[in-house]
Amino acid sequence: MSEKQYLLDKTLERWKGKRIAVGIGSDASFSGILGGFDEEILLLKEVTDYAGNRARELVVKIDDINWITLL
């Protein structure tokens with residue numbers, strides 16, 4: 001495992017169960033509770049997008065994420 005992946009795993013483990021926001025592509029952003037993750041995906045629960053639309057869950061490919069913030 002590379003140092004970069006190790007830092008991501010360590011950080012996401014601390015953030016599990018907390019509200020985060022992710023940016024996907026150039027114009028999509030979502031916030032939700034981090035439910036879980038592995039080397040390839042993040043699972044967000046109680047999701048809201050930038051326009052206020054809501055969803056129960058969102059699965060996001062980590063390679064498609066531009067940024068992640070802890071809210």
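Predicted model: local features only at pLDDT ≥ 70, side-chain atom pairs only at ≥ 80, totals over all residues.
Stop 1: Switch to a cartoon view and pick out the strands. You will find an open sheet of five strands, paired in the antiparallel sense and ordered β4-β3-β2-β1-β5. Now colour β4 (54–61) and β5 (65–70): these are the edge strands, each pairing on one side only. Going from one strand to the next, the twist averages 40°. As background, strands of a sheet pair through backbone hydrogen bonds, either parallel or antiparallel.

**Stop 2: a strand pair.** Select β2 (residues 28–37) together with β3; six bridges join this antiparallel pair. For one of the bridges, zoom in on Gly36, whose partner in β3 is Leu43.

**Stop 3: the core.** Show side chains for Leu12, Trp15, Ile20, Val22, Leu34, Leu42, Leu44, Val47, Val60, Ile62 and Ile65. These eleven residues form the largest nonpolar core. At least two residues come from each of α1 (3–15), β1 (19–24) and β3 (41–49), and β3 gives the largest share, with three.

Stay with one core member, Leu44. Which residues does Leu44 touch, leaving aside neighbours within four places in sequence? Its contacts are Ile20, Val22, Gly32, Ile33, Leu34, Arg56, Glu57 and Leu58.

**Stop 4: Glu46.** Finish on Glu46, which also lies in strand β3. Is Glu46 buried or exposed? Glu46 has 51% relative accessibility, so it counts as exposed, the cut-off being over 50%. Look at its backbone too: phi of Glu46 is positive, near 50°. Most residues other than glycine have a negative phi.

Conventions:
Residues numbered from 1 in each chain as written. Heavy atoms only, no water. Core = buried A, V, L, I, M, F, W, Y, C linked by side-chain atoms within 4.5 Å. Buried < 20%, exposed > 50% of the residue type's maximum accessible area, 1.4 Å probe, protein only. Helix = DSSP H or I, 4+ residues; strand = E, 2+ residues; numbered from the N terminus. Contact = heavy atoms within 4.5 Å. Pairing = 2+ DSSP bridges. Axes fitted to C-alpha atoms, helices over the stretch in contact; angles between N-to-C directions.
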